Amino acid sequence: MPTASKTALQAALDEQVTVHNRPSFRTYTGTSDDDVINGTYWYEHLFGGAGNDTLNGQGGFDTLVGGAGVDALTGGAADGYVVKFVFTSLTDSYANAEGSYSDLITGFNQYDILDLTALGLERIGNGHNGDLAVSYDAAADITYLQSLDKDASGNFFEVRLAGDFRGQLSTYNFVLRHDGTAGNDTLDYSFSTKQYVLNGLDGDDTLTGGKFVSVLNGGAGADHLIGNSGDDTFLYHQVSGSFVNDASGESSIGLISNFNLFDRDVLDVSALGFTGLGDGYNGTLNYAYDKTLGHIVVQSFEADAQGNRFKVYIDQSDGHDSGAYQDADGFIFAGDNNHNDAEQTLTGRPVWDSLHTPDAGGILIGGGAGDALYGSDGLDTFRYLDSSDSVHGAADMITDFDVTQDKIDVAALGYTGLGDGTNGTLKLVYDTDLHRTYLKDYDLNAEGERFEVALEGGGYTRTFTADNLVVASTVSTAEYVPDAPIELVGVAPSDIHAA
């Protein structure tokens, strides 16, 4: 279990370190006081906030953000993992003529990373114009990294590393930054093994991330952001970075390609104030696959003062994994971001996907091509938005369906309940050879296909009721209609199998 300690002052104020669990990483967010945050052996992001914090990821590929105050940060030397230390403001770690107010990093190793891109610092040098000067205090056994360019208050960046790192640091220990121009830029780092922040600025830019970790910020314009094999963050700072204006008809909509939810890719919209996925109102974003466009569409239906509303297209690069993910896990929102898993969706692609719900359940939307959908111990809803999502010959297979609580949602398809498989009803058919139960529509859709869903296992002919369906009308009872007997198949007829 994750641990997070509090000081006596925090306990008295009843402040708590908040923990947000994601399938691929976990975040810890500190308070305004002095926090002690100890992570686990996992991918974790530790945010100290204000106060003199102590952050220790305890091993794993962690990101530590001390924030304001004189913080003690522990690197990955003890376990050999890569730890990234992020500084977003000069006042996070600095010195001046009066003294030092800098963070101390212990356990820094040759693979650890310093992200100082927000400060314009990214290499070792003479301490000026983006360079960091290196000095060593042998008595204290501390290496100082300093930018000697002072701000208007006389402050300059400084961070301390426990140990002697003279001659040991290179650009591999820094996140690098490449800014585009006001025109249409192509920044392609697809072969790079270094960590980069790519800023397209203005224009319709094309940004491609590196092999390991990248941050892609298109800026203004209809940008194309392309992920790679590493952990990619797609960053939006303003609504005008990807928007549509319904009143004027103006739009500048970006496209994110190769978005891999299962490889820790995230879309960071925290600066825009969005708090989660939902109906696109009240600070939420609507998330749905549009078959006409061929993209997932993420959008708000609320406009800002200029009449612009956020809208971006996403193309997933992978839609199957053994982990239990949800669409919301691919976002960094404003606020704590804890949510009810059973109300969250996981949306597949029009090709084959293998989708799992987390332990608390969720809503699975396969999207077509005979998906493998796995339920959990929680409340699971298997939702269908188009009759072509699961058809005879390419039917979805639902595993671990729990008739006491799980649902198959066919309301968008117009079905009214169980029946004989005609006139808007679905028929239950059991195949004894395949040991599967089918929900079948015997009427053809506009494409000449028949909607069909498979449930792994038998027994559903006795236990599956209309209460397990979410339908388009209120006509729903817990009993089967009299003229719709269950069909038991000894030798499977041709309509059971793919043609």
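1. A pocket, as used here, is an open set of grid points where a 1.4 Å probe fits, with protein on both sides within 12 Å along at least five of seven lines. The model is predicted. Its second largest pocket holds about 370 Å³ of space.

2. Twenty residues line this second largest pocket, and those closest to its centre are Tyr287, Ala288, Thr345, Thr347 and Ile365. By class, the lining splits into 7 nonpolar, 7 polar and 6 charged residues.

3. Which strand gives the largest share of that lining? Strand 30 does, with 5 residues. Strand 34 (345-347) also supplies at least two residues, as does strand 30.

4. Six strands build an open sheet, ordered 18-20-22-24-28-33, with parallel pairing. Strand 18 (176-179) and strand 33 (331-332) sit at the edges, each pairing on one side only.

5. Within the sheet, strand 24 (residues 231-235) and strand 28 (residues 266-268) run parallel and are joined by 3 bridges.

6. Nonpolar side chains in soluble globular proteins tend to be buried together. Here the largest nonpolar core counts 78 residues, and Leu267, Ile408 and Phe464 have the most contacts inside it. Several strands each supply at least two of its residues, among them strand 20 (196-199), strand 30 (284-290) and strand 42 (425-431).

7. Another core, of 5 residues, lies apart from the largest one. Its members include Ile113, Val175, Val197 and Leu235.

Methods
Residues are numbered from 1 along each chain as its sequence is written. This is a predicted model: local features need pLDDT of at least 70, side-chain atom pairs count only at pLDDT 80 or more; totals for chains, interfaces and linings use all residues. Side-chain values use heavy atoms; hydrogens and water are left out. Two strands pair if DSSP finds at least two bridges between them. Helices (H or I, at least four residues) and strands (E, at least two) are DSSP runs, numbered from the N terminus. A nonpolar core is a set of buried Ala, Val, Leu, Ile, Met, Phe, Trp, Tyr and Cys residues joined through side-chain atoms within 4.5 Å. Buried means under 20% relative accessible area, exposed over 50%, partly exposed in between (1.4 Å probe, protein chains only). On a 1 Å grid over the protein atoms alone, a cavity is a set of points where a 1.4 Å probe fits but cannot get out, and a pocket is an open set with protein on both sides within 12 Å along at least five of seven lines; lining residues have an atom within 4 Å of a point. Grid points are joined across faces, edges and corners, and a volume is the space filled by probe spheres set on the points. Ala, Val, Leu, Ile, Met, Phe, Trp, Tyr, Cys and Pro count as nonpolar, Asp, Glu, Lys and Arg as charged, and the others, Gly among them, as polar.
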